[in-house]
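Me: Please go through this model with me, term by term. I want each label set against its cut-off.

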Amino acid sequence: MAASEMSPRDQQPRAAGALGPDAGQPSHEYVESIQRARLLNGMIEVAAQRGYLGASVGHVVARAGMSRRTFYELFESREDCFLAAFELGVERATAALTQGYAQGRAQERTWREGVRAALVALLELLDSEPALARLCVIEALAAGPGPLERRAEVLRELARTLEELATRERRGKGEPALLGAEGIVGGAFSVLHTRLLERRADSLLALLPQLMALIVLPYLGPRAAGEELGRAAPEPAVRAAAPAAESSANGGLQRLGTRLTYRTVRCLLYIAEHPGTSNRAVALGAEISDEGQTSKLLARLSRLDLLVNEGGAPGAANAWRLTGKGEQLLHAIPER
């Protein structure tokens with residue numbers, strides 16, 4: 001999801017559950033959701049780059065900028081974290097397919113058009129999130145019995161859904177057996193698997209005619225498959241997707257000349273929870289091992305008018321609080 005300008009709705013206080021007992025302070029659950037999102041993004045990025053077998057917990061926490069302790073507070077194991085990242089991909093893919101199918105049916109009123117629109121939505125999602133696509137399509141095959149079985153379950157669910165959609169409109173017309181739908185879905189994922197393995201730069205949307213021909217052939221015959229092969233693939237309109245913990249708030253920071261990172265979010269959250277806190281306390285609370293880097297970050301956020309130091313006397317410890325602008329920016333970070 002691309003960063004955008006903060007809307008008036010973004011500037012409202014967070015929904016119930018994001019704030020703690022004291023007004024304006026993030027809850028433990030909200031902080032934990034940010035930590036979880038960063039670790040999931042770390043797993044997605046590392047697994048896409050190094051493969052599941054090379055995605056050690058050490059690599060994941062280093063990419064996320066977090067500690068092993070926090071990792072094991074949120075996940076039982078590397079496989080558990082990978083499975084959660086896979087489920088995130090399934091959730092996004094399901095939403096894209098469902099919305100695309102509904103839009104296609106609303107426009108053309110046939111299952112074929114609905115499936116085409118759903119497939120476009122899925123391919124656009126995979127194009128926009130290539131690391132997530134690689135994790136779900138390729139690396140899940142090497143990630144142990146849990147992710148492997150979940151991947152197989154997802155493919156079976158897709159096959160059942162395809163069979164139901166196609167045969168609902170073709171009752172009594174020699175509709176194929178369920179195994180046919182399983183073969184179609186398996187073949188489509190094999191095509192995606194091959195393309196992602198090649199790490200080609202061209203859009204997955206270019207596969208739309210080939211995949212649609214594969215889907216309609218067993219149901220509508222060679223003529224319909226030929227029509228699909230003859231259709232031009234849509235022009236890709238891919239926008240780089242922001243990591244899970246990044247948001248519309250990133251647009252606000254970009255206008256200020258900086259970027260929303262996990263460290264930035266964690267510092268702002270910690271100071272919101274502990275107003276009047278020192279540099280050292282922020283470093284410990286935000287899990288930043290280098291206190292010098294913490295001081296530089298706090299100074300930069302102060303120059304951006306997101307923080308104010310109320311430490312007072314020279315030589316005394318700093319005492320950081322959020323400014324109104326800092327609170328507004330923190331409230332614009334969405335819940336995950």
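**Labels and their cut-offs**

Reply: The lining of the second largest pocket is made up of 27 nonpolar, four polar and four charged residues. Here Ala, Val, Leu, Ile, Met, Phe, Trp, Tyr, Cys and Pro count as nonpolar, Asp, Glu, Lys and Arg as charged, and the others, Gly among them, as polar. The model is predicted: local features need pLDDT of at least 70 and side-chain atom pairs pLDDT 80 or more, while totals for chains, interfaces and linings use all residues. Residues are numbered from 1 along each chain as its sequence is written, and side-chain values use heavy atoms, with hydrogens and water left out.

Me: What makes a set of points a pocket, and what makes a residue part of its lining?

Reply: On a 1 Å grid over the protein atoms alone, a pocket is an open set of points with protein on both sides within 12 Å along at least five of seven lines, whereas a cavity is a set where a 1.4 Å probe fits but cannot get out; lining residues have an atom within 4 Å of a point. The second largest pocket has a volume of about 820 Å³, a volume being the space filled by probe spheres set on the points, which are joined across faces, edges and corners. Its lining has 35 residues, of which Ala-93, Leu-97, Leu-122, Leu-158 and Phe-189 are the closest to the centre.

Me: Which helix gives the most to the lining of the second largest pocket?

Reply: That is α7, with nine residues. Helices that each supply at least two residues include α6 (130-137) and α7 (145-168). Helices (H or I, at least four residues) and strands (E, at least two) are DSSP runs, numbered from the N terminus; the protein has 15 helices and two strands.

Me: Why is α6 called largely enclosed by the rest of the structure?

Reply: Because six of the eight residues of α6 are buried. Buried means under 20% relative accessible area, exposed over 50%, and partly exposed in between (1.4 Å probe, protein chains only). The buried residues of α6 are Leu-132, Ala-133, Arg-134, Leu-135, Cys-136 and Val-137. Cys-136 has a relative accessible area of 13%, so the label buried applies.

Me: Is Ala-317 buried or exposed?

Reply: Its relative accessible area is 54%, so Ala-317 is exposed. Ala-317 lies in the loop between β1 (307-309) and β2. Its C-alpha atom is 6.0 Å from that of Ser-278, 39 residues apart along the chain.
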